[in-house]
Amino acid sequence: MTTREQILEAVLKNQPESMPLPDIGMFKGGDDDTVRKYIDIFKTIGGAAYLVDDLEVVKSMVAEQFDTTKRIATTLPEMQDIAELIAPAIDPHLYEDVELAIIRGHFSVAENGAVWLTEEVMGQRIIPYICQHLAVVLTAESIVPTLHEAYERIGLGDYGFGGFIGGPSKTADIEQALVLGAHGPLTMTVYIIR
Amino acid sequence: MKQTETKDHAGLAEDFIKDEERVNWHDGALWYIREKRDIASKQIPEWEALREAASQIKNNVISNLHDYLLQFEANLTKNGVKVHWANNADEHNAIVYSILKAKGITEMVKSKSMLTEECHLNEYLEERGIGVINSDLGEYIQQLDNEPPSHIVLPCIHKRKEEIGELFHEHLGTEKGLSDPTLLTRVARKHLRNVFLTRRGALTGVNFAVAETGEYVVCTNEGNADMGAHLSEVQIASMGLEKIIPQKKHLSVFLRLLARSATGQPITIYSSHYKKPREGQEMHLILVDAGRTRQLGRTDFRNSLKCIKCGGCMNTCPVYRKSGGLSYHNTISGPIGAILAPNLDMKKHADLPYASTLCGSCSNVCPVKINIHEQLYKWRQVIVKEGYAANTKALGMKAMAWTLASPEKFSTAGKAGRWFLHNIPFVVNNKFNPWYKQREMPEGPKESFAEWYAKNEK
């Protein structure tokens, strides 16, 4: 018998009588102002969120808030005059020195501040993790109240990799002292287009 | 690894509490996290309903695990992930080694995985010429100190920053006396970034494995799992069989509970959903039994397999907070560790179910409603029955049973006890009585309740 067969046989022999799955359909968010709530929560987890009119405003804010003499990478064609477009097929190590990445987020979640991203909007999977600073652009109407609406939106998902990112990378492993910028970005900024 | 196995929990805890300032700090730091958990959970009106739903989903998982494993395996294969099965630690380690060897990889980076700690994977690979670096900051610090993690979420919570500064000075050449957490973290960031960029192999643990889609979710705050995985040629994930969840939408329930229960955060910074290898990359997933099917067969203990490893039971446990995780001499410490460990080796871990006051605080905070304190009590009975209880406990219990078996003996023993406490207290208050250590014995009452009642009965 192979290991696989041994394990499956032991599981079948030892598992108890089947118990039903609960209905989780009743879980959903309230009718609060999701945009306001999102911005408030995102600030408490160490991020910065701004409500803006359009991408032109984002562009001028980026110029003010970041060092544009350093490498900026993006998947947004509209940002091409201030950033290089990310090439999906090259060696991911080549993005080691990206100072700022500007990417589109599919949507975000008001209750926890997280933005949902798939590799399609990342350009490359490594981008939102390896950059020193991460900026995400999303629309106000895309913000959902809780993770329940979030997974309803994601569905089964046609992606190879996707992830929620909720703020700058952090650690409190040394004496519970909060430090922003563990291995991933030192800051995360979300621009919400009205 | 430093040897800690020669003493039992009480003995190791005794060493830990010698440093009173450290114990008080440790106790307070963990209680602070427990309080953050309370604040976070109270912001969700449906919190208790979520716990109940999570518990029921996990009940469904452990009662249908066979079919879910097959479904998960089929979907992984469809997604282009190579699936491996391992009965035990040795088989698991051999699989990892063979995957790396086939690619000629001699250095690997690993994100937090309690399973691979349990399997002693690092030691196994190092003996065969493959270097492993733990990339979670807390685990990295523990690795530098050649010590296992003391907490599943906060691996070096028992260490003070000055000690970490000393380790960095010794191993990374930082200035002596540097102990600022931000500066130390920056040093590790720089050092580990170079590790991520140069490792061709990366291994991660798994928080949730979705049977329906064949994807798995890894949660971190640091971003270390993603840095390793997305820069690697070969990505390996190791998971215990119990990490399966049935459907994608169930992630909403578990991700709402996990970080709030663990640290009081609304969600971990990174919740990464790995489904298919990227172009030119290999992805492997190892399903590990290592005692899980045996635990599944234990009616009283099987629902310990519902655990989502939030560490909430550790942060709230009065014994854990004051004895430190390393005193449990098991990878998973605290209350949950004490009900998982006896299944792995009952003799070696016979002391752990006794490392509890049975106060029930662990069961009250558990996001998947495991009856931890009841299982601790049940394990004690199994351990005594199987003959693994320590001699002093077995003798004490026999004497107690003899005394409690008759009202006369009980009354005589009570009288004797009170007489000793009043007349010759040093018979009780001496260093040979373990209950007297770090405690003052109470003043004995003049009479028993039965005597008082007989006198005052109207």
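**View 1. Lys243(B) sits in a loop of chain B.** The loop lies between strand E7 (234–240) and strand E8 (244–245) of chain B. The model shown here, as in every view, is predicted. Is Lys243(B) buried or exposed? Lys243(B) counts as buried, because 26 C-beta neighbours lie inside 10 Å; the cut-off for a buried residue is 20 or more. Which residues does Lys243(B) touch, leaving aside its neighbours within four places in sequence? They are Val206(B), Phe208(B) and Ala209(B). Look also for Val210(B), which is 33 residues from Lys243(B) along the chain. The C-alpha atoms of Val210(B) and Lys243(B) are separated by 8.7 Å.

**View 2. Six strands of chain B form an open sheet.** Read the strands in the order E1-E10-E7-E4-E2-E3. The pairing is parallel. Strand E1 (82–86) and strand E3 (131–134) of chain B stand at the edges. Each has a single partner strand, so one side of each is left without a neighbour in the sheet. From one strand to the next, the twist averages 20°.

**View 3. Strands E2 and E4 of chain B run side by side in parallel.** Strand E2 covers residues 107–110, and strand E4 covers residues 201–204. How many bridges join E2 of chain B to E4 of chain B? There are three.

View 4. Two bridges join E3(A) to strand E2 (residues 72–74) of chain A. These two strands run parallel. Ala73(A) has Glu84(A) of E3(A) opposite it.

**View 5. Chain A and chain B meet in a contact with residues from both.** Chain A gives 59 residues and chain B gives 69 residues. On the chain A side, the elements that give two or more residues include helix H5 (127–130), helix H6 (147–154) and strand E9 (170–171). Which element gives the most to this side? H1(A) does, with nine residues. By class, the chain A side divides into 31 nonpolar, 20 polar and eight charged residues.

**View 6. Helix H1 of chain A packs with helix H4 of chain B.** H4(B) spans residues 65–78. The angle between the two helices is about 145°, and their axes are 8 Å apart. From H1(A) come Leu8(A), Val11(A) and Leu12(A). They meet Leu65(B), His66(B) and Leu69(B) in H4(B). This contact has five nonpolar residues, one polar and no charged ones.

**View 7. Strand E8 of chain A joins strand E9 of chain B.** Five bridges link E8(A) to E9(B), which covers residues 270–274. The two strands run antiparallel. What is the bridge partner of Phe161(A) in E9(B)? It is Tyr274(B).

Terms used
Residues are numbered from 1 along each chain as its sequence is written. Chains are lettered from A and ligands numbered from 1 in the order in which they are written. This is a predicted model: local features need pLDDT of at least 70, side-chain atom pairs count only at pLDDT 80 or more; totals for chains, interfaces and linings use all residues. Two residues are in contact if their C-beta atoms, placed from the backbone, lie within 7 Å. Helices (H or I, at least four residues) and strands (E, at least two) are DSSP runs, numbered from the N terminus. Ala, Val, Leu, Ile, Met, Phe, Trp, Tyr, Cys and Pro count as nonpolar, Asp, Glu, Lys and Arg as charged, and the others, Gly among them, as polar. Two strands pair if DSSP finds at least two bridges between them. Axes are lines fitted to C-alpha atoms, for helices over the stretch in contact, and angles run from 0 to 180 degrees between N-to-C directions. A residue is buried if 20 or more other C-beta atoms lie within 10 Å of its own, exposed if 12 or fewer, and partly exposed in between; C-beta atoms are placed from the backbone.
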